[in-house]
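Subject: Structure handover

Hello,

Here is the structure for you to look over. My notes follow below it.

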Amino acid sequence: MHKYSVKSKSHHRLLISGVDLWNASGVQKAVDIAIEDGIVRRIGKDLDLNAHLDFVVLRADGYVLMPSGVDAQVHLRVPGQEQKETATSGLWAAVSGGVGALLTMPNTKPVLDNIETLALAKQVISGPEAETGVRVLFSAAMTMGQRGHEVVDFLALAKAGIFAFTDDGVGVSDDKIMLQVLKGAAPTGLPVLQHAEVPGHGGVLAGGPVQVAIGSVAYPVWAEVDMVQRDLDLLKQVPTARYHVLHVSAAGTLSLIAAAKKSGLHVTCEASPHHLFFTSEEIVPDNSAFKMNPPIRSASDRSQLQSALASGACDFMATDHAPHESAVKTNNFKTSAFGTTGLETSLRVMIDLWQKGAITATRLVDAWSKAPAAFLGISATHGEISEGRPMSGVLCDVTAKQTAVREDDFAGLSRNSCFIGTKLPGIVLATILGQKVHCLRGFNFDSKKG
Ligand SMILES: [Zn+2]
């Protein structure tokens, strides 16, 4: 039942019956949803089936339909790193996890810092995008080669269709360059995404038993907090710029962001599933899937991240999906590459928070879909299921009991998920993107809960 499998079909007319519809604006119990040519035509109780005789009926009694995920931080590795993830495997990983749109990071080969590389990347992605229905948005580097010395041509990249600027993987440490980034990006209206890390700290894991066991220095909180503080000071000089902190790991960062928001600056941030789920006490020895940047921190950091996500102080969830081949993701914490995959487990982590009462259903949808869609400027097509809008949704069983995540659950190419072996609730049953219906894990049109 849980093993990854997919059966895809296109349907001109589709009726999803008896489903609980979760939107950020509210929950509707047991409704029918008529979809025609990929557009939601009617939502209502007991829609007249005689009026929908030529619709294919998907019986979904007892299940939840919500907007598909919008993941604002994914390393799709396109172009040039097909040993980690191909455009095809990455987008099927998105389908498998219920994600309908994603922003991919520019730390590729070559680095996406110019419009020629953007054109190449778009060409690579266009086939898999059409095949799956997943929408791919590109970000560009903010400095040439992500070297932090010379800023990119912000206006040209914006004009060519970039959605954000980031040097993710490294922070921009030179103050003058960071100021130039904010000034250069501001007129484009696009956000600047900072991987906040002051270089040179030498840590790979935050303080905890495994960090002690491997004999490395602890990855300090100040490496993140100090860069965010520096950036917020610079942002005051460019108040028209949009500044976003990627994958917040520390409670101290949340306090800075809360104060900056209060002062009226355009500041946002995100939290990643692994930071929301694990603590540094729980890291499994010899499993370097737990080595990511920034690291998993204390129970207090985790609980404050969860509260911030629930309240909206942290704007949304994003996975930092970072696939790696086993040759660089060895089980030596000191030498292994940083990163865990996340696309295929993120909704289950959100469902876990909801089952534990840490987040409401409406805020779950907001943090999972609506808020990141608004952040990326794709609210017209993503983030909400309502009449007259394009269909982009995920059908899931939110009450499904916990089962351990297994390697063969994954459609993605790489296996460096820190969730393998961990019990998570929920099952993603189908991802519906426009006319494309991807039935997952053995779910089919005649399935009924029971
Ligand atoms: Zn990063």
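Asp 37 is partly exposed, because 13 other C-beta atoms lie within 10 Å. The cut-offs: a residue is buried with 20 or more other C-beta atoms within 10 Å of its own, exposed with 12 or fewer, and partly exposed in between, with C-beta atoms placed from the backbone. Asp 37 has a positive phi near 50° and is not a glycine. It sits in the loop between E3 and strand E4 (39-44). Helices (H or I, at least four residues) and strands (E, at least two) are DSSP runs, numbered from the N terminus.

Bear in mind that this is a predicted model: local features need pLDDT of at least 70, side-chain atom pairs count only at pLDDT 80 or more, and totals for chains, interfaces and linings use all residues. Residues are numbered from 1 along each chain as its sequence is written.

Gln 146 also has a positive phi, about 55°, without being a glycine. Its loop runs between strand E9 (135-140) and helix H3 (154-159). Gln 146 counts as buried because it has 23 C-beta neighbours inside 10 Å.

Next, the overall build. The chain has eleven helices and 19 strands. Its C-alpha atoms fill a box of roughly 65 × 50 × 40 Å along the principal axes. Of the 450 residues, 54% are buried.

Now the domains. Domain 1 covers 6-65 + 391-413 + 422-440, and domain 2 covers 68-376. These bounds come from an automatic or database domain assignment. Taken over C-alpha atoms, the domain centres are 28 Å apart. In contact are 28 residues of domain 1 and 33 residues of domain 2; contact means C-beta atoms, placed from the backbone, within 7 Å. On the domain 1 side, E2 (13-23), E3 (26-36), E15 (392-397), E18 (427-433) and E19 (436-440) each supply at least two residues. E15 gives the most, with four.

Then the open sheet. Eight strands pair in parallel, in the order E7-E8-E9-E10-E11-E12-E13-E14. Two strands pair if DSSP finds at least two bridges between them. The edges are E7 (69-74) and E14 (316-317), each pairing on one side only. E13 (residues 266-271) and E14 run parallel, joined by two bridges. Ala 271 has Met 317 in E14 as its bridge partner.

Which residue of E8 is the bridge partner of Val 70? Ala 101 is. Four bridges join E7 to E8 (residues 99-104), and the two run parallel. Although E7 is an edge strand, six of its six residues are buried, so it is largely enclosed by the rest of the structure.

E7, H1 and E8 form a right-handed β-α-β unit. Right-handed means that, with the strands pointing away from the viewer, the path from the first strand over the helix to the second runs clockwise. H1 (residues 87-97) is mostly covered, with ten of its eleven residues buried. Among them are Leu 91, Trp 92 and Val 95. Just after H1, Gly 98 takes a positive phi of about 85°.

Last, two cis peptide bonds. One runs from Val 78 to Pro 79, with omega near 5°; Pro 79 lies in the loop between E7 and H1. Another joins Lys 109 and Pro 110, with omega about -5°. Pro 110 is in the loop between E8 and helix H2 (115-132).

Best wishes

Methods
Two residues are in contact if their C-beta atoms, placed from the backbone, lie within 7 Å.
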